[in-house]
Amino acid sequence: MAAAMELSCWGEGWGLPSVHTESLVVLAYAKFSGAKLTIQPVDWTWKTLTGTVPALHCEGHTVTEPAQILNFLRKQRYNADYELSAKQGADTLAYIALLEEKLRPALLHTFWVDTENYTNLTRPWFASRCPFPLNFFIPGRQARVALSLILLTKGESPLHSITEVEAKVYNEAKECLNLLSHRLGTSPYFFGKMPGSLDAFVFGYIAPLLKASLPSGPLKQHLNQLTNLCQFCDAVLKTYFDDDAPGSLPVPFHPSAPSPGSPPVSQDASVDANLQKLTQLVNKESNLIEKMDDNLRSSPQHKPRAPPARPTTLSSQKNSTPA
């Protein structure tokens, strides 16, 4: 009998099982791999002030950080990457590294540094989940941490202030989204017909951006133009999370031809010089990882959980990659 596992994470909101990127990654991977988790939304008190989320608790052990939690689940024989080749496993790790380097800073800025978004959306949501007087402290602390991380990773000379760094952060994030859209194409998931680690990370990163009602959202506007990424996110929600709601049935994603009158999209024409550079970077890192790391397929595993079949087709369009 599998050991009971409990996940502490930020709770649901904005139509998502969690508004927190890292928590969403773990929740999605658990759904993909069939791992049974008891969800415990965090309750910020003085005792948990220094706590880290998400945190997985199992038999007296606590594991934090999405990558470590996913590795722990694999050791428990819940491996959504079971059917990946060595090359696909290396590509997965390379793309995840790209997400963390290129997209994460822009998400931190969008939700925690952008004054309009922080004041009208982020701070009220997180403050409402914290008891008095922590509701005055926790959101501000999160915002300061986010600003520090952005400046630490992107504030090299001659860019020192957040205003100078902002343009660079958003340009890199848009290029990253373009690359992900190009890689996904018209497939339901990034590697074949079943979702894996990369799908969990991409979902965790783009779902809050897509679903939150952001007063200021230049990156969201860019994401909305990448129809295949938006449809991917909606498909994951319907297929793997709608079963949490009584009376709802999951709907699998099926790519289809573009609607009549829509202009044809050329995959080759959509790949600009910056996107090609990112692709080369991912391929280079993937080749290195493939030689050094084989932990995705190191032990017998449970088969990944297949989404329930349902003869319903979502109308979709081919992806488009804006300049």
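Residues 24 or more positions apart account for 77% of the contacts in the protein chain with a separation of 6 or more, where contact means heavy atoms within 4.5 Å. This is a predicted model, in which local features need pLDDT of at least 70 and side-chain atom pairs count only at pLDDT 80 or more, while totals for chains, interfaces and linings use all residues. Residues are numbered from 1 along each chain as its sequence is written, and side-chain values use heavy atoms, with hydrogens and water left out.

**Overall make-up**

- The protein chain has 10 helices and four strands; helices (H or I, at least four residues) and strands (E, at least two) are DSSP runs, numbered from the N terminus.
- Along the sequence, these elements follow the pattern β-α-β-β-β-α-α-α-α-α-α-α-α-α.
- Of the 323 residues in the protein chain, 49% are buried. Buried means under 20% relative accessible area, exposed means over 50%, and partly exposed lies in between (1.4 Å probe, protein chains only).

**The sheet**

- The four strands form an open sheet in the order β2-β1-β3-β4, with mixed pairing; two strands pair if DSSP finds at least two bridges between them.
- β2 (37–41) and β4 stand at the edges with a single partner strand each, so one side of each has no neighbour in the sheet.
- On average, neighbouring strands of this sheet are turned by 25° against each other, direction ignored. For such angles, axes are lines fitted to C-alpha atoms, for helices over the stretch in contact, and angles run from 0 to 180 degrees between N-to-C directions.
- Helix α1 (residues 21–33) packs on the sheet and touches β1 (5–9) and β2. The direction of α1 makes about 150° with that of β1.
- Helix α2 also packs on the sheet, where it touches β1, β3 and β4. The direction of α2 makes about 130° with that of β4.
- β1 is mostly covered, with four of its five residues buried.
- β1 and β2 run parallel and are joined by five bridges. Met5 has Leu37 in β2 as its bridge partner.
- β3 and β4 pair in the antiparallel sense over four bridges. Ala55 has Thr64 in β4 as its bridge partner.

**Two residues with positive phi**

- Most residues other than glycine have a negative phi.
- Glu59 is not a glycine, yet its phi is positive, at about 50°. Glu59 lies in the loop between β3 (55–58) and β4 (61–64), and the hairpin of these strands has two residues between them.
- Glu59 is exposed, because its relative accessible area is 66%.
- Glu65, also a residue other than glycine, has a positive phi near 75°. Glu65 is found in the loop between β4 and α2 (66–75).
- Glu65 counts as partly exposed because its relative accessibility is 44%.

**The nonpolar core**

- The largest nonpolar core has 85 residues, and those with the most contacts inside it are Leu103 and Phe203. A nonpolar core is a set of buried Ala, Val, Leu, Ile, Met, Phe, Trp, Tyr and Cys residues joined through side-chain atoms within 4.5 Å.
- Helix α3 (residues 86–113) gives the most to this core, with 11 residues.
- Leaving aside neighbours within four places in sequence, Phe203 is in contact with Leu24, Ala28, Pro208, Phe232, Cys233, Val236, Leu237 and Phe241.

**Helices α6 and α9**

- The axes of helix α6 (residues 162–184) and helix α9 (residues 227–241) come within 8 Å and cross at roughly 75°.
- Leu177, Leu180, Ser181 and Leu184 in α6 meet Asn228, Leu229 and Phe232 in α9.
- The residues of this contact divide into five nonpolar, two polar and no charged. Ala, Val, Leu, Ile, Met, Phe, Trp, Tyr, Cys and Pro count as nonpolar, Asp, Glu, Lys and Arg as charged, and the others, Gly among them, as polar.
- Leu229, in helix α9, is buried because its relative accessible area is 0%.
- Not counting residues up to four places away in sequence, Leu229 touches Leu177, Leu180, Ser181, Leu184, Phe190, Ile206 and Leu223.
- Leu229 and Leu210 are 19 residues apart along the chain, and their C-alpha atoms are separated by 9.6 Å.
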